[in-house]
Amino acid sequence: GAKQHDRNDVILLTDVEIGTTHPLRALWTQATIERFSWLSPAEVGRWIHQQVTTAKKRIAEAAVRDVVQAFGADIARIQSLLDQLIAWVGSRPAIEPADVRMFVQDTTMPRRYDLVQAIAQRDAAEALAAIESRVVAGQDVVELIGLVAWQLQRWLTAKRLQEAGLGREQLQERLALQPWQLERLERETADRCVEELRQFLERCRQLDVAAKTGRVIPRVGLEQLVVALCLSRPLVQT
């Protein structure tokens with residue numbers, strides 16, 4: 001019978017044109033070349049609306065424009081952002097531009113970590129720098145207090161469900177998280193206990209009320225809270 005030969009195919013993906021002097025140009029005559037154009041802003045916008053609608057939410061057109069401006073046609077990063085935004089708005093029916101600003105750093109906020117990431121890493125200096133960057137960029141301190149409260153609530157809920165004995169699949173379903181998001185959440189809460197998180201969440205809620213009623217300078221209160229969160233003594237595992 002005919003002898004069969006093993007064949008190895010190599011697929012090369014590139015977002016730039018291979019010029020005449022490129023080393024791979026020598027394979028040009030043997031290669032099958034297919035060109036795919038990037039999604040247009042309008043196509044990305046329609047995709048964003050579709051994803052948000054699937055989650056039974058709406059998104060303002062201005063918010064869509066902000067997302068596309070920040071991430072272009074990078075669907076993977078946009079999907080990650082939408083997951084965060086959908087969790088962030090909670091029971092609210094729509095995602096607004098202010099919600100997008102909570103998670104998207106623009107060129108006026110070049111810090112390496114955002115606020116909640118710095119808190120998760122117990123990096124007080126980086127957290128204070130994140131506050132400074134966002135305030136300079138015009139973000140309302142009360143919004144930042146709300147962001148910290150949201151993160152604390154997520155951590156607290158995750159810890160309570162873990163202590164209730166829920167498995168990983170049940171946790172993912174209850175928290176509406178992707179596997180990688182659950183892994184990150186577990187790392188962030190590994191050295192924190194339910195009671196600590198509950199106390200900090202209550203303190204954050206009290207700060208929110210005090211800031212809105214003029215009983216405390218919002219930024220001073222937020223910075224004190226963030227430093228306490230970063231410098232609280234980690235739970236010692238036994």
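This is a predicted model: local features need pLDDT of at least 70, side-chain atom pairs count only at pLDDT 80 or more; totals for chains, interfaces and linings use all residues.
Me: At what angle do the axes of helix H6 and helix H11 cross?
Reply: Helix H6 spans residues 124-136 and helix H11 spans residues 218-231, and their axes come within 9 Å. The crossing is right-handed. Angles over 145 degrees count as roughly antiparallel, and H6 and H11 are therefore roughly antiparallel to each other. The axes cross at roughly 155 degrees.

Me: How many nonpolar, polar and charged residues make up the contact of H6 with H11?
Reply: On the H6 side the contact includes Ala-124, Leu-128, Ile-131 and Glu-132, while on the H11 side it includes Arg-219, Leu-222, Glu-223 and Val-226. By class, the contact of H6 with H11 has 10 nonpolar, no polar and three charged residues.

Me: How many residues apart in sequence are the parts tied together by Arg-122 and Asp-191?
Reply: The structure holds nine salt bridges, and in one of them the side chains of Arg-122 and Asp-191 meet, at 3.1 Å from N to O. Arg-122 lies in the loop between helix H5 (115-120) and H6, whereas Asp-191 lies in the loop between helix H9 (179-189) and helix H10 (194-212). The pair therefore ties together parts whose separation in sequence is 69 residues.

Me: Is Asp-191 buried or partly exposed?
Reply: Its salt-bridge partner is Arg-122, which is buried, with a relative accessible area of 16%. Buried means under 20% relative accessible area, and Asp-191 has a relative accessibility of 22%. Asp-191 therefore counts as partly exposed.

Me: What is the relative accessibility of Arg-192?
Reply: Arg-192 forms a salt bridge with Glu-196, the closest N and O atoms being 3.3 Å apart. Glu-196 is buried, with a relative accessible area of 12%. Arg-192 also counts as buried, and its relative accessibility is 0%.

Me: What is the phi value of Arg-122?
Reply: Arg-122 lies in the loop between H5 and H6 and counts as buried at 16% relative accessibility. Although Arg-122 is not a glycine, its phi is positive, at about 55 degrees.

Me: Is Lys-56 buried or exposed?
Reply: The place of Lys-56 is in the loop between helix H1 (41-54) and strand S1 (58-59), and its phi is near 65 degrees, a positive value in a residue other than glycine. A residue counts as exposed when its relative accessible area is over 50%. With a relative accessible area of 74%, Lys-56 is therefore exposed.

Terms used. Residues are numbered from 1 along each chain as its sequence is written. Side-chain values use heavy atoms; hydrogens and water are left out. Axes are lines fitted to C-alpha atoms, for helices over the stretch in contact, and angles run from 0 to 180 degrees between N-to-C directions. Helices (H or I, at least four residues) and strands (E, at least two) are DSSP runs, numbered from the N terminus. Angles under 35 degrees count as roughly parallel, over 145 as roughly antiparallel, 65 to 115 as roughly perpendicular and the rest as oblique. A crossing is left-handed if the near helix is turned anticlockwise from the far one by less than a right angle, and right-handed if clockwise. Contact means heavy atoms within 4.5 Å. Ala, Val, Leu, Ile, Met, Phe, Trp, Tyr, Cys and Pro count as nonpolar, Asp, Glu, Lys and Arg as charged, and the others, Gly among them, as polar. A salt bridge is a side-chain nitrogen of Lys or Arg within 4 Å of a carboxyl oxygen of Asp or Glu. Buried means under 20% relative accessible area, exposed over 50%, partly exposed in between (1.4 Å probe, protein chains only).
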